Amino acid sequence: MIRIIFRQLTTLALSFLGITLIFFALTQLIPGDPVIINYGNLTPGSEEYLAAVHAMGLDQSLFQQYLIYVDNILHGDLGRSNITNKPVLSEFFTFFPATFELSLIATLIALIFGVLAGVLAAVKKNTWVDNLVISSSLVGYSMPVFWWGMLLILLFSLNLGLTPVAGRISYVFDIEPVTGLMLVDSLLAYSKYEFAAFFDALRHLILPSLVLATVPLAAIARMTRSSMIEVLNADYILTAQSKGVSRWKIIWVHGLRNAMIPLVTVIGLQSSVLLTGAILTETIFAWPGVGKWMVEAIFRRDFPSIQGGVLLIAFFVIFINASVDLLYAVINPRMRRPK
Amino acid sequence: MSEVKIYKDTPIPGRWQQFWQRYRRHKGAMLGLMFLLVILMFALFSPLLAPHDPTEQFSQFLRYPPAWTEKGINEFLLGTDDLGRDLFSRIVYGSRLSLGLSAAVVLIAALFGILLGAIAGLSKGIIEFAIMRIMDIILAVPSLLLAIVIIAIIGPGLPNAIYAVAIVLIPHFVRIVRATIKEEMNKDYVIAAKLDGANGARLFTHSILPNILPPLIVQVSLAFSTAIVDIAALGFLGLGAQPPNPEWGTILSQSRDFIQLAPWTVTIPGLAILITVLSINLVGDGLRDALDPMESRG
Amino acid sequence: MKLLHIENLSVEFPTHKGNVRVLDKISLRMNQGEVLGVVGESGSGKSMLALAIMGLLSPNAKLTADYLSLNGQDLMKLNLDQRRKYIAQNASIIFQEPQTSLNPCFNIGTQLIETIELHGIRRRKKQRQRALELLEAVGITEPELRLKQYPHQLSGGMNQRVMIAMAIAAEPDLLIADEPTTALDVTIQSQIIELLLELNRTRDMGLMLITHDFALLSESTQRVCVMYSGQIMENASTDNILSSPRHPYTKALLDSIPHIGERHHMGQRLYSLKGRIPAIDHLPVGCRLGPRCPRAAKECVKTPRLDMIKQHGLVRCHFPIPSSTQVEGERND
Ligand SMILES: Nc1ncnc2c1ncn2[C@@H]1O[C@H](COP(=O)(O)OP(=O)(O)O)[C@@H](O)[C@H]1O
Ligand code: SF4
Ligand SMILES: [Mg+2]
């Protein structure tokens, strides 16, 4: 176990090194004067300008510049947004909880319903249930997220009036950001609004998280199905049946426990898909998260925010993938050393 | 448990014939192929099939609903948008962009991916390590975000969107090509052939190519559908094709503000994207099953 | 009361070319505590028969039988759930591949105790104690340690012993061993067979020993049932079959034993017969052995019946080999 954790940590460190290298190389490609890009409109030759040149190490070798760049990152200094002039790191952390909450709920939806549908289809192989799961997951898998979001808004928000069109919570509620997760914060404001704020937050969350969950749900359902079909054909399932183990336990314990092993890797890969979807979902639902922040930063040509934001998101994905690898090692006994 | 046994005297159909027989059995895959051919027709013969110029504005026909609705007129089969442009013609011309651009994307990605994969697969040590690490990192950045970053650096617009999406798709090709080459090079018969003095070209055509083709074909279909969705997404975000280009994602971003007034300008282009992507995925699934009979038993 | 009584059991599978019949009117009986050998080339339907008896056929298989009883209970009268439950209490099965027969995700203890619990021992401590007993009974050293280990950490022979321990946990009256040693090292094979026979003696447990290897049966069984292409070809006492096989197929199987005491390997072809076992959906007309049979004649395009031959047993052949004693008698004339 310790060996595996150690290996993951090494991978993480290597990835960090790689990412910073690539990003550093990319910053060299950004057109324009790097000082002006990072510090806003300073007059070339002015004292401030020269100070900035020195701070970025532009008067030193490329290697020195890279060291300064990494050093700054390690100190949490990702520069300042040249629009709001706030530190990029703190900007990121004001937007990140919204994305995290949305992605987390979407992941849960995708996981629960994807696994359920996949197992059901595998167990009822070649029946209408299976066909329904196969065809709807194929449609879900092919769904353009941004259009799907608009369709649901058209139907549920505009035509039926069931859900709000945008945002995380109605303006009538004044919620103090404690954790940044609206579901939690609205509950913390229980003394003020009782459950009203919580339910309002939930109503805001439901459509975006459904939209975001669609593609991963479909992918998980497809994978679960094929993995489960393979597992249910294994000899140990026959052994369990011959022992008189109940059908329920065979499917959900003996079967799913094995089917989950290849699934974990797929679910890990979905984290990247999920964040791609989050960019689009947040744009459609005016969800104040990292994705929307990034898109806006591009239109404003706010390079420090783009650089810092993407770097942090990449770290996040790599961290998730490392955790998933770890989880894989934990749930797969075959990864343990033979005695 | 089941073993397929073929009598020696029954003729064994050729590789491609077998492949086609297996593919045909897949009803969904055949349906996907049919749809894809129709879309391809639209793309190839847009000027013949589209009744109007995709950018022509009929100012007295603003926001006409599709022809089958009460207020629709036959002149505009799928209705018109807020500028009075014929939606059907825009969709038809859009298919050209969608298929054409994604074909370009896949071509670029496959070319570079195969090249890098072959280098990584045939080399050892630092070169292989560097290539694979870079690919891992590209994979770690959400694809659309990476495309966005690249566009942020090289600027928005169609050609740049193509490069961006292509770069995002390269790592998958690299991984497949490298893995297959590594696997094949370690097989006994390849080692034997090498010892026999078979040259690189012969090794490539006789052992690498036949094994690499099936996963590569599947990957091309996957890349194709990703490319279509990502190009449309970039168009939708205003970072890809720019109006008045009839790119489907761009049409969607334009009609977003009229979602309530003219919902068909939202539903129809999106449906076009969905059907195209769905067809490609159906074909992809069929290809995968037909190329790898072991997998198709599910 | 018979331990096992099967009359005309057939199994069919739907395929896209129509139904294929992988078992054709199988009839056989086993007495309490009997050791029955089932032999035949790979693909002759032995595993299918085992699965059919155990109620483990996949749901798309169609099983029909005039009569199918285990320990006196007519299985055809039970619904699927009842049947599975009843069979689990009365019969167990072990498979060819011990490594894949155990669930890779759970340790030995969990799997063994699951079985023990299903047979009514509820207390944690008792379960553990029973598990240790069972492991010792099948000759596993360091049972305490084994309980915590996973299948991939044990050798094939060890895993097969665990399978046997699990199989006898239910105190079954019938144990079906489907090629229990085929996947194991030669040195381990005889140990496992010894163990099975010992359990048969000490627990009065009926044993159906399935194999493609005649050499394995000669020393251990009372009766032998020879299968080919989903049919029973010959069913007689081991002595009769060894001294004078009457069916050409049985003789071929016997002739293919390379040397006495030396067992041939998995999937090895029968060199004494030309060709190979036909695909189940491409069966020849008449006798299924026809195209490969050295004694085949015109008559053989008609399907032979499984007929009683006096002082021998059941044989499915138009031209059974004369008994060796008779041959000698003829010569003397
Ligand atoms: N699901 C199935 N559908 C059709 N035929 C099958 C199926 N499973 C097995 N068979 C056929 O049943 C026959 C008997 O197989 P099996 O019982 O495994 O033979 P053995 O155990 O004697 O080697 C084989 O010819 C096999 O091809
Ligand atoms: S019936 Fe004919 S073909 Fe069949 S085993 Fe007897 S002799 Fe051979
Ligand atoms: Mg078998």
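Predicted model: local features only at pLDDT ≥ 70, side-chain atom pairs only at ≥ 80, totals over all residues.
Visitor: How many residues does the contact take from chain A and from chain B?
Guide: Let's start where these two chains meet. Chain A and chain B bury about 3800 Å² between them, with 80% of that on carbon and sulfur atoms. The contact takes 45 residues from chain A and 42 residues from chain B.

Visitor: Which three residues supply 17% of the area that chain A buries against chain B?
Guide: The size of an interface is often given as the accessible area lost when the parts come together. Here chain A and chain B bury about 3800 Å². On the chain A side, more of the buried area comes from one trio than from any other three residues: A:Phe146, A:Trp147 and A:Met150.

Visitor: Which residue forms a salt bridge with B:Asp285?
Guide: Side chains of opposite charge can pair when their charged atoms come close. The count between chain A and chain B is 1 salt bridge. For B:Asp285, the closest N and O atoms are 3.1 Å apart, and the partner is A:Arg222.

Visitor: How many residues apart are A:Glu101 and A:Arg168?
Guide: Good one! These two form a salt bridge, with their closest N and O atoms 2.6 Å apart. The pair links distant parts of the chain, for A:Glu101 sits in helix 5 of chain A, while A:Arg168 lies in the loop between helix 7 and helix 8, and the separation is 67 residues.

Visitor: How far apart are the end C-alpha atoms of residues 261-284 of chain B?
Guide: UniProt, in an unreviewed entry, lists residues 261-284 of chain B among those under "transmembrane region". The span is 88% helix and 0% strand. Its end C-alpha atoms lie apart by 37 Å.

Visitor: How many residues of the shell around ligand 2 are nonpolar?
Guide: In total, 13 residues surround ligand 2, and the closest are C:Cys287, C:Cys293, C:Cys300, C:Cys317 and C:His318. Sorting the shell gives 3 polar residues and 1 charged, and the number of nonpolar ones is 9.

Terms used
Residues numbered from 1 in each chain as written. Chains lettered and ligands numbered in written order. Heavy atoms only, no water. UniProt positions renumbered as here; feature names shortened; annotations may be inferred. Helix = DSSP H or I, 4+ residues; strand = E, 2+ residues; numbered from the N terminus. Near = heavy atom within 4 Å. Nonpolar A, V, L, I, M, F, W, Y, C, P; charged D, E, K, R; others polar. Contact = heavy atoms within 4.5 Å. Buried area = accessible area lost by both parts, 1.4 Å probe. Salt bridge = Lys/Arg side-chain N within 4 Å of Asp/Glu carboxyl O.
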